[in-house]
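Take a look at the model below.

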Amino acid sequence: MIVLVLIASILIAGVTIYQYNEEARDYHKDRLERKEKAIISDIHYVIRKTSYEVVTEKIPLIFKDEIYRIADIHSLRIYMYDLDGTLLKSSKDSFAKDPKTQCIDTNILNEISNSADHRYVEKNQKNGETFQSAYTYIYDSKSKPLAILNLPYLENDDFLNKELNEFLERLGYAYLFMMLIAVILALLLSKYITRTLKTIADKINETRLEKRNKKIDIASSSEEISTLINSYNSMIDELEESAVKLATSEREQAWREMAKQVAHEIKNPLTPMRLSVQSFQRKFNPEDENIHQKVDEYSQTLIQQIDTMSSIASAFSNFAKMPAQQNETLNVTNIVKLGLDIFSEDYIVFSSEDEEIMANFDRTQLIRVVTNLVKNGIQAIPEEKENPRIEVKVTSENDMVNITVEDNGLGISEENKPMIFEPKFTTKTSGMGLGLAMVKNIVETYKGNITFTSQQGIGTTFSVTFPKL
């Protein structure tokens, strides 16, 4: 709307200026013709009343005084030339001092003689002003060419320009008012149109696969908007169905993977247990003097494998058990210190920016998070490492608590980084790979986040962030 109003104002201003210029040209043309006709009428009157012989040579005598009177009446200078273009008489007293007026150019003479009405108008521009100069024949009573009349005419557009400027000024005010009205209407109209679109955009931005999404319900809207809303609502139905199918499929797949992992981990200790029993069965001799020592060895082997199976079962049980959200207000600094007390390594360094950083978190789960991260750091540092170091920091920023565990171990390779929080993923020779997955599960349960940065050969830093009170 604004652009259309602007274009219309420019076009109308352009057309107005063009129209005024055309009217000015027509006005000057008609005015020159009227003056020329009136002057010629006066000249013929003088010729009829003169007592001199009406010939070209007598023109200066015939119009000796009359030329000044005619020029004064019509407010124009008058030049009269013979048929060869030589000046005979002028209303300008100092004509002798102006060589340009002494004779007519040959091209002009040809134009006068060759034109049907024996008339020619020449236009010139000088100092930004336009001059017209009209040349025409003067005839005697027998219609015989007597002389050439020249009337120089200055196009004075001051009055017309003033009128044009006043009109453009009024037009500018009118279009400024229209522009303001157009801006207001455009804003109101765009607000009305985009209000529904904004509602749809907000709903689309809120759409999530993992939650139940609300449909859009708008009472009045255009046909196009209604089509868009219906398409969105249909998409929500399809999305919900797909989410249910996907969740079911992922849950089934997770249980399959978990079952495979449990079976694999249990098979590992069962094999040496079976071999130990078979070996004991083949080599058992009650009369052997070392029988008690051998029974102790076999029993110790079986007990170790049984303990391994027990730890496997406990690990999977802990992973499968969702941590309960208990609104327990605790001092994070003290709890992290408590979690570090179980480690005997002297290269573990703890620091906190404040002795008291309060947050809502389950005490047991927070200790589990810290111990898992520190344990991973210890296992990432090779035994031959000089100056091993694990630095645990507790800081707070705004409404968030941050716990960082930094080690100078082997680091994590680029290909392993995307899988670091996946269950059953591990780079160690022992363990089930559930520690970091369990930590991530605990932290996200308390609306927190866990991230890490790592460089091979330099070390790894895990950062746990969760809300305060």
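The expected span of a helix is 1.5 Å times one less than its number of residues. Helices (H or I, at least four residues) and strands (E, at least two) are DSSP runs, numbered from the N terminus. This is a predicted model: local features need pLDDT of at least 70, side-chain atom pairs need 80 or more, and totals for chains, interfaces and linings use all residues. Residues are numbered from 1 along each chain as its sequence is written, and side-chain values use heavy atoms, without hydrogens or water.

Start with helix α9, residues 363–380. Its 18 residues should span 26 Å, and its end C-alpha atoms are 26 Å apart, so the two agree. Several of its residues are buried (under 20% relative accessible area, with a 1.4 Å probe and protein chains only), including L366, V370, L373 and V374.

A nonpolar core is a set of buried Ala, Val, Leu, Ile, Met, Phe, Trp, Tyr and Cys residues joined through side-chain atoms within 4.5 Å. The largest one has 38 residues; V332, L373, V374, I403 and F466 touch the most other members. The largest share of this core, six residues, comes from α9.

Now the strands. Two strands pair if DSSP finds at least two bridges between them. Strand β4 (residues 129–139) has eight of its 11 residues buried. It pairs on both sides listed here:

| Pair | Bridges | Direction |
|---|---|---|
| β3 (residues 119–126) and β4 | eight bridges | antiparallel |
| β4 and β5 (residues 145–154) | nine bridges | antiparallel |

V121 has A134 in β4 as its bridge partner. F131 stands opposite L154 in β5.

Methods
Buried means under 20% relative accessible area, exposed over 50%, partly exposed in between (1.4 Å probe, protein chains only).
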